[in-house]
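Please keep the sequence and the structure in view while reading.

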Amino acid sequence: MSVQNILDRKGAEVFTVDPTATVRTAAQLMRARGIAALVVKGPDVITGLISERDIVHAISQHGERALAMVVSEVMTLNTVTVTPNDPLRRAMSLMTNHRLRHLTVIDKGKLVGIVSIGDVVKYRLEELETESNILRDA
């Protein structure tokens, strides 16, 4: 199983935010879309990822003024990426070893998706249920 299998099921739509947007704007976009992270992208370059976790950390450090800060001040830099062809095991290993909840999916230098720990768990549970049903029927 590969990362592409997850993208095929959930879709490859990725929501982005400009690094100069406010943290409040990012939080509002996450709430409106029902997501927990946004890829931070300038005109042509991915500069990071901002997640609910980053926002909570910023608020704990800076209080309410964190909401007026720009995304680039609180985002996670050095995002860990995978390709669509990477095995699901690699994605799980990266998430575990780096304590991440989101991985950006890059193919030939282009952003093609984002995978969350929830996506991985859901896919893996469906896979195990299918295997269980096959074994039960055999």
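Predicted model: local features only at pLDDT ≥ 70, side-chain atom pairs only at ≥ 80, totals over all residues.

At 81% relative accessibility, K108 counts as exposed, because any value over 50% falls in that class. The residue is placed in the loop that connects β5 and β6. Its backbone also deserves attention: phi of K108 is near 55 degrees, a positive value in a residue other than glycine.

With a relative accessible area of 67%, R99 is exposed.

The mean pLDDT of the protein is 92, and 100% of its residues reach 70 or more. Confidence is lowest in helix α6 (residues 117-137), where the mean is 85, and highest in α2, where it is 97.

Strands of a sheet pair through backbone hydrogen bonds, and the pairing may be parallel or antiparallel. Here, three strands form an open sheet in the order β4-β5-β6, with mixed pairing. Its edge strands are β4 (81-82) and β6 (110-116), each of which pairs on one side only. Between β4 and strand β5 (residues 102-107) there are two bridges, and the pairing is parallel. Helix α1 (residues 3-10) lies across β4, β5 and β6 and runs at about 85 degrees to β6.

A further open sheet of three strands has the order β1-β2-β3, and its pairing is mixed. Which strands form its edges? They are β1 (16-17) and β3, each pairing on one side only. Strand β2 (residues 37-41) is joined to β1 by two bridges, and the two strands run parallel. In β2, V39 is the bridge partner of T16.

The helix lying across β1, β2 and β3 is α2, which runs at about 130 degrees to β2. T25 is located in helix α2. Is T25 buried, partly exposed or exposed? Its relative accessible area is 38%, so it is partly exposed. Although T25 and I35 are ten residues apart in sequence, their C-alpha atoms are 14 Å apart in space.

Helix α3 (residues 52-62) shows how a helix can present two faces. In α3, the residues D54, I55 and A58 are buried. They cover an arc of only 100 degrees around the axis, and therefore they lie on the same side of α3. The general principle is that an α-helix has 3.6 residues a turn, so residues three or four places apart point the same way. What covers the buried residues of α3? The covering elements include α2 (23-33), β3 (46-51) and α4 (71-74). On the face of α3 turned away from its buried side are the exposed residues V56 and S60. After α3 comes G63, whose phi is positive, near 70 degrees.

Technical notes
Residues numbered from 1 in each chain as written. Heavy atoms only, no water. Buried < 20%, exposed > 50% of the residue type's maximum accessible area, 1.4 Å probe, protein only. Helix = DSSP H or I, 4+ residues; strand = E, 2+ residues; numbered from the N terminus. Arc of directions from axis to C-beta. Contact = heavy atoms within 4.5 Å. Pairing = 2+ DSSP bridges. Axes fitted to C-alpha atoms, helices over the stretch in contact; angles between N-to-C directions. pLDDT = per-residue confidence, 0-100.
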